[in-house]
Amino acid sequence: MNYEASESFARKMDEQDSLKSFREKFFIPKKPNGESVLYFTGNSLGLQPKTTRAYIEQELKDWEALGVEGHFNAKNPWMPYHEFLTEQMAEIVGARAVETVVMNSLTVNLHLLMVSFYRPTAKRNKIVIEAGAFPSDQYAVQSQIKFRAFEPENSLIELKPRENETLLRTEDIEQTVAENGDSIALILLGGVNYYTGQAYDMRRITEIGHKFGCIVGYDLAHAAGNIELHLHDWGADFAAWCSYKYLNAGPGGIAGAFVHERHAENFNLPRFAGWWGHDKKTRFLMGSEFVPMRGAEGWQLSNPPIFQLAALKASLDIFEEAGMKNLFEKSKRLTSYLEFLLREIHDERISIITPSNPEERGCQLSIRVKNSDKSLFKAITDKGVVADWREPDVIRVAPVPLYNTFTDVYKFARILKDCLA
Ligand SMILES: Cc1ncc(COP(=O)(O)O)c(C=O)c1O
C-alpha cells in the first residue's frame, strides 16, 4: 500500500472504508469545545455503543414488569441469557461453543482455570510467564504457586527479551521450554503483550508446550477482538480475557473463558464449583452433589450479572455485523498507516517498539520516548489526544477499526510531530 502523509489522503481512505458507518454506532467523547477527542485507548476501555443503553433498559423494564418471572419470561430470559452470547464470543476467539463461556472478571477466571490446569507435582511445578506480563497475571501466578505450597523463586520462569532487545523471540521461548520441559507444569502467556503490543505465535508456542507435556494457557485481554485467534485449532488448553477493552462491554465488563474441547468431559479435573456450573437440567433439584456441565460452562460459579451481559451483547452484535475478517483487514491498514506516519516524523526521541510485521501485532503501537520524558505525553493530551502512558517510557496508541478513522490517525501523527517540534 502506498500511503501518503496528507489529510486529503487520510480522508480518501476513510471514504473508501467499507466499515466507515460503524463509527456512528459509538459515542466518541468530546473536548470542552464540543469537538471529538482523538480516542486511541480502545485497548484500555472500549467506547460505548449507542445501543448499549437500550439493551440494558430492556432488562430493567423486564425486571420492573416481571420481577422474578423475568428469569423465564423476559424478552431475553435471564436463565439462559449467557448462552445468547456464546456463539458470538466463540467466533471472536476461534473456539467452539462448548469451549466458551462468558463469566466473572479476567483475573478471577485465570485463577479458576489455574485451579484446574496448574497441577504441580514435585517434579513438574513451574509456570512460565513473560517477565513483562501484566502485574495482575504476575500476582495471580505467584499466589497460585504459593497456594500449592511451592515457592515462586523456584517455580516461576520469566521469559525475558535478549539484552538490548525489547521483544520476545519465539525461538527463545522454544528454547526455554525445551530446556526446562519436564519441570514445567504451565505456560501462561498474554496473547498480545500489554506494553509492547507484541502478538505471540500462539500456534507454535502451544505446539512446543504440548510437545514437552506442559499445559498451555493464554491471557487474551489485549488479543480478543483485536487479532485473529484460533484457540481451538491451535489446541490451547485454556484462555481468559476481559471484555472492556476491544470488546466494548463497559468498565469492569463481564469476561470470557475458554477450555479446549478435549477437557470438556474431564470431570476429574479439580475445580472450584458453584451452582451455575452444575448440570442445568438438574440445577434446580437442589441436590448437594456437584455434577458439572460439559465444557467451559462447567467452570461457572454464580448466576451471571444480566446488565453486564446485556452491555456485552450490544457490542457483540456490532462485531457480528461488521465481520471479524473485515475488521482485521481494516485494522492492519489503519495501524500500518499510523506506523508509516510515525516513521515520517524522523525524530530520534521516539521509536516504535511494537513489531513491524502486521502478523506479530494487533492495532496497538507502543511508542518509546527517549529518557522517559513524559512531557511529550502531557503535550499531546492537552491537544485532545486520548492515549496512555505506561511506565517507564511508553505511549500506547491503539487505532480501533470499529470507530477510529484514517483521519484520526493522521491528526494524531500531526499533533505528535508538532509537539516534538
Ligand atoms: C493483560 C491483562 N491481564 C489482566 C488484567 C486485569 O484485568 P481484570 O482487572 O479485569 O482482572 C488486565 C487489565 O487491564 C490486562 O491488561
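**Notes on ring pairs and the ligand site**

1. Phe377 and Trp389 are both buried. This is a predicted model, and in it the two ring centres lie 6.2 Å apart with the planes at 40°, so the pair counts as tilted. Phe377 belongs to helix 13 (residues 375-382) and Trp389 to strand 12 (residues 388-390), so that the pair links parts of the chain twelve residues apart.

2. Across the whole structure, a search finds 18 aromatic pairs. One of them, between Tyr3 and Tyr337, is tilted, with 5.2 Å from centre to centre and 45° between the planes. Because Tyr3 lies in the segment before helix 1 (7-16) and Tyr337 in helix 12 (residues 324-345), this pair ties together parts that are 334 residues apart in sequence. Tyr3 is buried at a relative accessible area of 14%, and Tyr337 is buried at 0%. Ring pairs also join Tyr3, Phe9, Tyr337, Phe340 and Phe406 into a cluster.

3. Two charged side chains deserve a mention: Lys50 lies over the face of Phe27, 5.8 Å from the ring centre, while Arg283 lies over the face of Trp276 at 4.1 Å from the ring centre.

4. The shell around the ligand comprises four nonpolar, three polar and three charged residues, among them Leu106, Phe134, Ser136 and Lys245. Of the 400 Å² that the ligand exposes when taken alone, the protein buries 81%.

Note on methods:
Residues are numbered from 1 along each chain as its sequence is written. This is a predicted model: local features need pLDDT of at least 70, side-chain atom pairs count only at pLDDT 80 or more; totals for chains, interfaces and linings use all residues. Side-chain values use heavy atoms; hydrogens and water are left out. A residue is near a molecule or strand if one of its heavy atoms lies within 4 Å of it. Accessible areas come from the Shrake-Rupley method with a 1.4 Å probe; for residues, only the protein chains shown count as cover. Ala, Val, Leu, Ile, Met, Phe, Trp, Tyr, Cys and Pro count as nonpolar, Asp, Glu, Lys and Arg as charged, and the others, Gly among them, as polar. Rings of Phe, Tyr and Trp (its six-membered ring) pair if their centres lie within 6.5 Å; planes under 30 degrees apart count as stacked, over 60 as edge-to-face and the rest as tilted. Helices (H or I, at least four residues) and strands (E, at least two) are DSSP runs, numbered from the N terminus. Buried means under 20% relative accessible area, exposed over 50%, partly exposed in between (1.4 Å probe, protein chains only). A charge sits over a ring if NZ of Lys or CZ of Arg is within 6 Å of the ring centre and within 35 degrees of the ring normal.
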